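Hello,

Here is the structure I promised to hand over. Please open it, then read my notes below.

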Amino acid sequence: MNNGGHPLVDSLRRVGELGAEYDLPTRDPGQEGWIKAQSLFQDDDQRLRNFVSAYGRDFVDTDNRHLAASAFTIAYLTRLTYPLISQYVLERRVIDISLSNLEFHTDGQRFNGTALASPRFAALPDDPAAGHPDAEIVPDGAALYARLKKQLFDSNFDIVIPSLRRAAQASIKVSWNAVAASCAQVFYWLYELTEDTESIVRHAEAFFGDPSSPVYDEVRMELVAHQGKKGYFARRAGCCLFWRVRDEDVYCSGCILLSDEEQTIRFKQLLENMP
């Protein structure tokens with residue numbers, strides 16, 4: 001759908017210049033093959049189970065339900081956390097990613113697209129698009145942060161994770177740690193790709209340091225310096241299970257199964273490979 005000139009579409013495209021994962025299109029009403037997220041996660045457990053199983057076979061070559069569910073969750077997260085958090089941090093807007101406003105395109109067996117049903121968003125009173133009919137104005141930064149948590153947790157993952165548990169035997173603990181890790185990856189890349197690194201760190205500290213959040217204590221974000229470079233890395237309090245399907249370099253760099261010392265060595269190796 002060509003929504004050029006719409007304030008949210010424009011800001012998503014602006015931030016999308018950092019990478020395709022930061023953009024989130026609005027669904028083309030003339031295109032067939034779309035499933036409403038609310039229906040996928042709440043109406044038909046067998047259909048959801050089939051999608052998860054197909055994803056496990058196609059992308060991580062496994063029939064293990066736990067691994068397939070973990071992989072599916074991470075893929076789902078990536079399509080939402082990157083645009084949601086980057087818009088919040090860089091544009092001071094919160095996208096409506098409630099299940100009622102999300103749709104997925106499918107060929108009948110697999111997903112090949114994620115989109116908003118409508119480009120609705122929350123914003124601050126001084127937002128240039130404050131008068132737009134798709135903008136809901138909240139009074140201050142605290143209210144905008146509360147809206148971020150509501151969209152990410154109450155209106156999405158608080159529903160999705162139990163559904164994946166019920167339909168595909170996904171681990172609740174692994175899934176919530178995956179949410180935290182996905183959010184941490186966004187902050188990591190925003191630190192690398194944007195100039196206002198102090199703002200990135202400030203927002204990340206507030207996000208992960210909030211005791212009322214489901215991702216509280218699920219990761220520890222830390223600045224690591226090496227050879228004149230700095231990176232903003234996450235030490236995880238859980239495991240995504242991907243080591244079970246990897247042949248080499250078994251664990252993620254910030255995996256809980258590695259000591260802090262080994263994690264730091266890997267973080268520094270990542271810094272050495274950065275341009």
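Which strands and helices do the buried residues of H3 pack against? They pack against strand S1 (34-36), helix H2 (37-42), helix H4 (65-91), strand S3 (102-106), strand S4 (111-116) and helix H5 (141-168). Helices (H or I, at least four residues) and strands (E, at least two) are DSSP runs, numbered from the N terminus.

This is a predicted model, where local features need pLDDT of at least 70, side-chain atom pairs count only at pLDDT 80 or more, and totals for chains, interfaces and linings use all residues. Residues are numbered from 1 along each chain as its sequence is written, and side-chain values use heavy atoms, with hydrogens and water left out.

Now H3 itself. It covers residues 45-59. Its buried residues (under 20% relative accessible area, 1.4 Å probe, protein chains only) are Leu48, Arg49, Phe51, Val52, Ala54 and Gly56. Aspartate 44 caps the N-terminal end of H3. One of its side-chain oxygens lies 3.2 Å from the backbone nitrogen of glutamine 46. Just after H3, aspartate 61 has a positive phi of about 50 degrees.

Next, H4. Of its 27 residues, 19 are buried. Arginine 92 follows H4, with a positive phi near 60 degrees.

Last, phenylalanine 157. Not counting residues up to four places away in sequence, it touches (heavy atoms within 4.5 Å) Tyr76, Leu77, Leu80, Leu152, Pro162, Trp176 and Val179.

Best wishes

Notes: Expected span 1.5 Å × (residues − 1). Buried < 20%, exposed > 50% of the residue type's maximum accessible area, 1.4 Å probe, protein only. Polar contact = N/O pair within 3.5 Å; in protein donor to acceptor, adjacent residues only side chain to side chain.
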